[in-house]
Amino acid sequence: MYFQVNGHSTYCYTGGKSFDPAKPTVVFIHGVLNDHSVWVLQTRYMAHHGWNVLAVDLPGHCRSEGEAPASVEEAAKFVGALLDAAGLKKAALVGHSWGSLIALEAASRLKERVSHLVLVGVAYPMKVSKTLLDASLEAPQKAIHMINVFSRATLAPPPSALGPGTWVWGNSVALNRRVLASNPKVNVFHRGFTACDSYANGEAAISAITCPVLFVLGKEDQMTQARAAQSLIDKAKESGQSFKVARLPVGHHQMTEAPDPTLFAIRDFLAQ
Amino acid sequence: MPGYSDPGFDTLALHAGAQPDPTTGARAVPIHLTTSFVFESSDHAAALFNLERSGHVYSRISNPTTAVLEQRVAALEEGIGAIATASGQAALHLSIATLMGAGSHIVASTALYGGSQNLLHYTLRRFGISTTFVKPGDIDGWRAAIRPETKLLFGETIGNPGLEVLDIPQVSAIAHEAGVPLLVDSTLTSPYLLQPLRSGADLVYHSATKFLSGHGTVIGGIVVDGGSFDWERSGKFAELTQPYDGFHNMVFTEESTVGAFLLRARREGLRDFGACMSPHTAWLILQGIETLPLRMARHMSNTEKVVEFLAAHPFVARVGHPMLQSHPSHELARKLLPKGAGSVFSFDLKGNREQGKKFIEGLKLFSHLANVGDCRSLVIHPASTTHFRMSDEALAAGGISQGTIRLSIGLEDPDDLIEDLKRALRAAEK
């Protein structure tokens, strides 16, 4: 379904169920060069199990209009505007990779309006190598292959988002290309990576949140290595936050390489 | 796990989609000969049926052994996923039936396998789907044949049996200008020789019976989606972009930005038409694919030697292989098929129909049968077998004469193959 957010048409996948503001809501936020469809298994399940689901296409990505966010802070502001546009007083936020930083920053700003925060494949700082940043601008097709190799941990993933027979390597490449092509004005690949690389408010943000946090980390993640989330985990502990950590034996694409364990981690956490 | 670059073709041929069995430790892919899979709970059952969770329910829709084959072929074709079917013809039918219904139109190459010709020219017409045939090299003809109701362009990587190479980059550009996908039958090339998706095709299918299996033991097919075609932007495919009341009003393009075709093909096509592959067949094809790179290299080196021999033989009027400069697709083959233009080709004897018969019956190593892509060398007379339903005009349009003989070069010692051909040619000349 579509909302008008900041004057722009914004698409949210609702998991095959109609949007119902009376139900508790969970907002899913994708990472760089992705869209709502990376969450399809987790969102479809949650939507059919008592939750109102909004899996957004960020502005300037695929079905959503508007200027693609140039920073984590700008994207976090958009998330607040999305909740307003949807008439939501409260929602859980789930983000993957870049989306995890956006969810984190949004939770720190929206305070009590966020009921739960789930950070999937998070790292802080989320530094991107100069080689990859340059490649995302100058040779994006080559860079797409680079991030795909860094993101995958297996050549034999279980039945995934398209069902059995899905080749998730190719699926990611095709989605990355489609998202890149969806915005002819801005290279959303480079812009998203720059936003990840330059975000500097992570520790302050995790200290400022008022909701419980779940970290979902891939033990074999080479894009955002599990150990790179430790500073946020330490800060959450130091700040007295309620938090949990789920370490899955997968790479950076937790949602497609381990769809069920990722779903269960989110589902059980949101049930608290 | 691989390192910092994409895994190579040979590695994928062995490993894509498979890992040691987590329960038994079996290293080879187990054959899951079971119709059904036990649900963990009522909630699990409901979630699987509603696509909230991914897994296996019933082997007509999916099966763990078949899924390995699907992942593997998708990996080798650089696609997003695949669906294995009962035959290559079932893969073609599944592709068409997923994309269109009565009132739709296809533009197809004239140089098609006879079975595909039958499906398009006779059978689909009965269901309200019409086809305009165009010579594969007639680029303007492809464009001119497109109508408002056209939903698909379709050709073979190298046409059967004349081996006209399909100019996939050009034909796909024409398809995309018109907002329709290009479907390519890549049976005769296999992903080892050509990856059509990389050249611009949107969907590719195989008769896996041929080179993928490679041993002449099973019938199977498989269709791969490249995930590149934008069904929404096209605006011509309500089957994928509008709610489908046959599956909870699912909008397939919302569920998957790049995989809507595969979602509908499996959830509707396998469910309703039911032309699924047996897990045992999938396993045998997987055995073949593990040696595909090795076999294809040998197929090609043997073919080069046989083509050179035949081209120099005084009783041979014409050899139709793109490796020869005389072939109309020679230059295009050099560009699109640098590893070779396949090991199935035809040639014409300088003789009458009776001499052609003598030639075929004089062969000892070559088997006279209706198949190609076997590890053993094969021979057939197309006009009286695979293409026998076609009129003389249609045969001529496909580059076939009454005296054309088709060979499929196998993996035998090349000197023995040449000796066998020599002997049969001698017998035919008498």
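The model is a predicted one, so local features need pLDDT of at least 70 and side-chain atom pairs count only at pLDDT 80 or more, while totals for chains, interfaces and linings use all residues. Residues are numbered from 1 along each chain as its sequence is written, with chains lettered from A and ligands numbered from 1 in the order in which they are written.

In chain A, helix H7 (residues 188-198) is mostly covered, with eight of its 11 residues buried; helices here are DSSP runs of H or I with at least four residues, strands are runs of E with at least two, and both are numbered from the N terminus. Buried means that 20 or more other C-beta atoms, placed from the backbone, lie within 10 Å of the residue's own. Among the buried residues of H7(A) are A:Phe189, A:His190, A:Arg191 and A:Phe193. The buried set packs against helices H2 (72-85), H3 (98-110), H4 (130-138), H5 (140-151) and H6 (168-182) of chain A, where a contact puts two C-beta atoms, placed from the backbone, within 7 Å.

As for H4(A), its axis comes within 8 Å of that of H7(A) and the two cross at roughly 155°; axes are lines fitted to C-alpha atoms, for helices over the stretch in contact, and angles run from 0 to 180 degrees between N-to-C directions. The two helices are therefore roughly antiparallel to each other, a label for angles over 145 degrees. At this contact, A:Leu132, A:Leu133, A:Ser136 and A:Leu137 in H4(A) meet A:Phe189, A:His190, A:Phe193, A:Thr194 and A:Asp197 in H7(A).

Turning to the interface, 33 residues of chain A are in contact with 44 residues of chain B. On the chain A side, the largest share, six residues, comes from H6(A).

Chain B holds an open sheet of seven strands in the order E1-E7-E6-E5-E4-E2-E3, with mixed pairing; strands pair if DSSP finds at least two bridges between them. Its edges are strand E1 (81-85) and strand E3 (130-134), each pairing on one side only. Neighbouring strands are turned by 20° against each other on average, direction ignored. Helix H3 (residues 64-77) of chain B packs on this sheet, touching E1, strand E6 (203-207) and strand E7 (221-225), and its direction makes about 130° with that of E1(B). Inside the sheet, strands E2 (residues 105-109) and E4 (residues 150-156) of chain B run parallel and are joined by four bridges, with B:Val107 opposite B:Leu153.

How values were computed: A residue is buried if 20 or more other C-beta atoms lie within 10 Å of its own, exposed if 12 or fewer, and partly exposed in between; C-beta atoms are placed from the backbone. Angles under 35 degrees count as roughly parallel, over 145 as roughly antiparallel, 65 to 115 as roughly perpendicular and the rest as oblique.
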